[in-house]
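Here is a briefing on one protein model. Have the sequence and the coordinates open as you read.

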Amino acid sequence: MNSNNEIMNQKKVTRHTLLHALYDREINGIKTRMNCIKSTYQVINPNCTIINVEKPPCFLRKFTPDGRHFIAFSQDQLYIEVYAYLGCSMAAKLLKNYEENCIGQDNNGDVARKRIFESLFQLKYRILVAAEGEQLNRECSLFTENSSYAVLGSVGPIPRNVMLEYNDVFTNNEAVTPNLLLPLENYTIHLINIKKGAVSQRLHFKADKISLSHNQGVYLLKDVLAILSVQHQIIHVYNLIQNRFHLLRKIGRFCFENDLAFISSVHTDIIADNYKTRNESFTNGLKNKLMVFLYKKAERESVVARTQYPLRRFYQYYDQFMSLRIWKMQLLDVDNMIIRYASEDVVTAKIQEPSTQASYFMIYNMTTAAVLNVYENTSSDLLRGYEYFCDNFRNPYLNPDGFMPCSPSNNIFSRDSHEKFKNTMLNARFGGTMEANKRILGQLPIAAQSFSCSPYLDTSLYSYDEKWVSPMERPKVVGEYPIRFYSRESGTLSFYLYTSVSRNRPTQDRRRLVAFTFHPTDPFAISVQRDNLEYIVNFHIRKVYLPE
């Protein structure tokens with residue numbers, strides 16, 4: 001019996017070849033199209049690493065969703081460089097004389113290190129984007145679904161000769177008070193036509209605070225762009241129509257476009273030139289929606305429980321609710337968004353550990369200006385919804401082959417990893433259900449386009465340690481050893497990703513981080529490692545052995 005099992009396992013491993021994968025994809029067999037595509041990715045993988053690649057003086061950023069172009073920022077962060085991606089096959093002749101799987105650790109790999117970038121990328125455009133006195137934020141970049149446009153953000157200090165007026169800083173009674181940790185700056189959102197190499201439009205926000213890092217304050221979904229002004233507590237919503245952004249609405253002081261005209265018909269003083277919006281006595285429009293929902297919810301609970309306790313609790317925390325400010329937001333679809341409220345100290349970065357503070361999530365419909373629900377950051381109902389409908393929160397783009405970033409709601413291995421993390425929080429010292437819910441819901445709202453759709457990060461195809469690399473595009477700690485990827489089908493080692501400069505050099509250090517950028521479909525990835533002030537770029541690519 002044991003010999004039969006060994007023969008079956010051996011057959012399973014030997015079948016895992018490129019020939020059989022292409023044959024299955026051709027005839028389709030009993031497999032679905034997606035399974036055939038996945039089997040191909042299990043035998044074609046980035047099996048070679050070129051260490052310390054020489055590149056132009058720029059900061060490498062990201063591939064477009066279709067994988068045809070690559071975006072980089074210039075050294076002075078004023079320009080963006082659009083490169084055409086030529087494909088892994090263009091480097092086959094360059095790498096054919098190298099037998100090892102890690103090139104560049106000695107002088108033998110100098111030719112490959114110097115020529116690999118120009119073999120894979122060709123510069124198409126160099127576009128001046130940033131306005132005068134501003135610099136592009138390297139961590140802010142969004143792409144439309146058709147990969148034709150990119151949305152970038154730049155920021156610059158307010159000139160010293162510009163004197164801000166009171167109404168420029170406090171545009172409504174919800175505006176936060178600036179401080180040294182949250183200084184006011186000038187922001188510009190740029191719409192870039194990638195295929196034409198031109199700036200199509202610029203949106204200016206003067207004397208404001210917008211979180212551009214990791215796209216936290218800017219969200220693009222289909223043709224809808226939402227921008228959160230933390231300073232003025234306003235969400236600007238734009239629609240992309242015919243190569244330009246058109247303002248749909250401003251959510252904050254008012255919820256509808258005609259609210260100002262309606263209110264000014266009663267309170268005529270609010271349209272006077274000397275009127276100070278900071279001193280308004282009536283409640284901000286969006287905050288009023290929140291307070292009304294919380295009151296009606298407490299009223300319903302009082303009727304059901306036949307006690308006034310829920311209403312008394314609402315009045316007890318009334319001042320706390322009124323002091324809440326918008327911290328983050330994201331679009332769930334083109335009509336609904338999730339808005340996270342927290343105290344002003346959290347919003348203005350005065351608290352070192354904001355995740356430990358109380359916060360609230362509001363599900364808001366922009367079209368009807370209705371609050372659908374409000375959850376605390378310890379809510380088990382919201383956590384359950386996030387676990388089962390995780391893709392609705394992440395809004396991932398599908399790559400050209402139809403791959404979606406793995407998540408707890410579409411992948412059993414990701415779900416298992418999620419459950420292990422949750423159980424760790426439940427059983428930890430000073431842990432529990434509320435602490436676990438708070439830690440997991442601390443990920444919400446999720447920044448736009450934060451997850452890679454590369455099939456090599458699909459946990460149903462490969463098993464790897466998510467401590468060193470994961471679908472979420474965030475810097476990771478540099479590991480001491482190469483990252484190993486094991487095939488889920490056979491359990492064998494498929495390939496390595498080398499991140500260290502030397503195999504024998506221990507590099508595990510909290511100050512040394514590495515960021516991975518995977519191509520949407522090809523067996524190609526870029527890792528950028530920061531070592532003090534130096535950036536080390538490694539290419540992880542598919543190397544084939546060409547016959548002479």
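## Briefing

Ile-339 has Met-362 in β17 as its bridge partner. Strands here are DSSP runs (E, at least two residues) and helices are DSSP runs (H or I, at least four residues), both numbered from the N terminus. The model is predicted: local features need pLDDT of at least 70, side-chain atom pairs count only at pLDDT 80 or more, and totals for chains, interfaces and linings use all residues. Residues are numbered from 1 along each chain as its sequence is written, and side-chain values use heavy atoms, with hydrogens and water left out.

**Overall**

- The protein's secondary structure comes to 15 helices and 25 strands.
- Of its 548 residues, 50% count as buried. Buried means under 20% relative accessible area, exposed over 50%, and partly exposed in between (1.4 Å probe, protein chains only).
- The protein exposes about 27,300 Å², and carbon and sulfur atoms supply 50% of that area. Accessible areas come from the Shrake-Rupley method with a 1.4 Å probe; for residues, only the protein chains shown count as cover.
- Take contacts (heavy atoms within 4.5 Å) between residues at least 6 apart in sequence: 61% of them join residues at least 24 apart.

- Two strands pair if DSSP finds at least two bridges between them.
- Axes are lines fitted to C-alpha atoms, for helices over the stretch in contact, and angles run from 0 to 180 degrees between N-to-C directions.
- β16 (residues 336-342) and β17 (residues 359-365) run antiparallel and are joined by seven bridges.
- Helix α15 (residues 433-441) buries Ala-436, Asn-437, Ile-440 and Leu-441. These residues fall within an arc of 120 degrees seen down the axis, so they line one face of α15. The arc is that of the directions from the helix axis to the C-beta atoms.
- The cover over the buried residues of α15 includes β16, β17, β18, α12 (380-388) and α14 (412-427).

**Hairpin**

- β13 (residues 234-241) pairs with β14 (residues 244-251) in the antiparallel sense, over seven bridges.
- Ile-235 stands opposite Ile-251 in β14.
- Two residues separate β13 and β14 in this hairpin, and Gln-242 in the turn has a positive phi of about 50 degrees.

**Six-stranded sheet**

- This open sheet has mixed pairing and the order β5-β1-β25-β24-β23-β20.
- β5 (102-103) and β20 (476-477) are its edges; each has a single partner strand, so one side of each has no neighbour in the sheet.
- Three bridges pair β1 (residues 48-50) with β25 (residues 534-541) in the antiparallel sense. Thr-49 has His-540 in β25 as its bridge partner.
- Helix α5 (residues 110-120) packs on the sheet and touches β1, β5, β24 (524-531) and β25; the direction of α5 makes about 70 degrees with that of β25.

**Nonpolar cores**

- A nonpolar core is a set of buried Ala, Val, Leu, Ile, Met, Phe, Trp, Tyr and Cys residues joined through side-chain atoms within 4.5 Å.
- The largest has 58 residues, of which Leu-225, Ile-235, Ile-339 and Tyr-364 touch the most other members.
- Helix α8 (residues 285-305) gives the most to this core, with six residues.
- A second, separate core has 26 residues, including Cys-58, Leu-60, Phe-121 and Ile-541.
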